[in-house]
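Hello,

Here is the structure I promised to send over.

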Amino acid sequence: FQFRRVYFTYDNDISEQFSSRFRLEADQSARSSDGKISVLVKDAYLRWKNVFRGSDFYFGIQPTPAFGVSENVWGYRSLEKTIMDLRGAVSSRDFGVALTGKIDGAGMFNYTVMVGNGAGNRPETDKYKRYYILIYIKPMTNLHVTLFGDYTDRGNISDLYNTLTPQESVPNGSFTTAAFVGYTEKNLFNVGVEGFLQTRQNGFNDVASLSLKSLNSIGISAFGSVTIHQGVDLVGRFDFFDPNINAKARGDRRNFIIGAIAWRADKNVSFIPNVQIETYSSLPGGRSIEPSITGRLTFYYLFL
């Protein structure tokens, strides 16, 4: 038995123009000094509504714009994170400032731009920042399309293979691009496809060629759920992830599969028997890794 995630949230409407959120999260990976389950600050932000027409301003620890839409369409964060969050491509939170709003009056085209520390929920330790942009398109009520990009500045690093003294420095920042398409029919079905590509400059030490090369990782996720009976859904998901697509980096690709039956015993209480399967590519030399198979019963409930 374990708590995968516990939230306690306080939302406060300061006035018609200002509101705030403070949220604590507890899970078994956050522990106190004596090893007990502890809490962390998940959200702590101020929202300035209509700072100019159609746009809101946010300041503080807040969600990044990377996968909020796809997570809503997926609808089963209680089972697992979406792929960019799961694989650490983008943190779910960052400390910074953001603008979000409509590009057109009808709300078909929406945007979010954000500048953050790039340290997630952790305190800042350097001067470098992370820059995010999201375009969210809703051609119709049930269709969701997002285009996302960000740049993480990490400063330069020394080129290990440069013979000059002092060694020449080279960039080590990373670029992330992602796209998502999802469709929802309430109480009938949800489907979505999400993919990302992340490039870290000079992040791959190619010993064979005595050079630093870009480290490129890729992930693709397809998921869906369908209502088979009132309050009962079938849930499925398949992910492919390769943390380094360079042909010289072998044995690191993996497939991730989720299958579940979700029963809503109450509008705020769900019981979800599920199985997670992860398969791995063979290691250099032909050695294979046995698939990881985990069966679980997940309880999800809201106390409001």
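E71 counts as partly exposed, because its relative accessibility is 23% (buried means under 20% relative accessible area, exposed over 50%, and partly exposed in between, with a 1.4 Å probe and protein chains only). Its side chain meets that of R77 in a salt bridge, with 3.9 Å from N to O. R77 has 16% relative accessibility and so counts as buried. By salt bridge I mean a side-chain nitrogen of Lys or Arg within 4 Å of a carboxyl oxygen of Asp or Glu.

Before you go on, please note that this is a predicted model, where local features need pLDDT of at least 70, side-chain atom pairs count only at pLDDT 80 or more, and totals for chains, interfaces and linings use all residues. Residues are numbered from 1 along each chain as its sequence is written, and side-chain values use heavy atoms, with hydrogens and water left out.

How many salt bridges does a search of the whole structure find? There are 16. Here are some more of them:

- D150 and R130 meet through their side chains at 3.1 Å, N to O. This pair links distant parts of the chain, 20 residues apart: D150 is in strand β8 (residues 143-152) and R130 in strand β7 (residues 130-140). Strands here are DSSP runs (E, at least two residues), numbered from the N terminus. Both D150 and R130 are buried.
- D206 and K213 form a salt bridge of 3.0 Å, N to O. D206 is buried, as its relative accessibility is 2%, whereas K213, at 31%, is partly exposed.

Salt bridges with shared partners also join R23, D43 and R93 into one network.

Now to the rings. The count of aromatic pairs is 12, where rings of Phe, Tyr and Trp (its six-membered ring) pair if their centres lie within 6.5 Å; planes under 30 degrees apart count as stacked, over 60 as edge-to-face and the rest as tilted. One of the pairs is F59 with F95, edge-to-face at 5.9 Å centre to centre and 70 degrees between the planes. Because F59 lies in strand β4 (residues 55-63) and F95 in strand β5 (residues 93-102), the pair ties together parts 36 residues apart in sequence. F59 is partly exposed at 42%, and F95 is partly exposed at 34%.

Ring pairs also link W74, Y76, F180 and F223 into a cluster. The charged end of R237 sits over the ring of W74, 5.2 Å from its centre (NZ of Lys or CZ of Arg within 6 Å of the ring centre and within 35 degrees of the ring normal). R5 likewise lies over the face of Y7, 4.4 Å from the ring centre.

Best wishes

Technical notes: Helix = DSSP H or I, 4+ residues; strand = E, 2+ residues; numbered from the N terminus.
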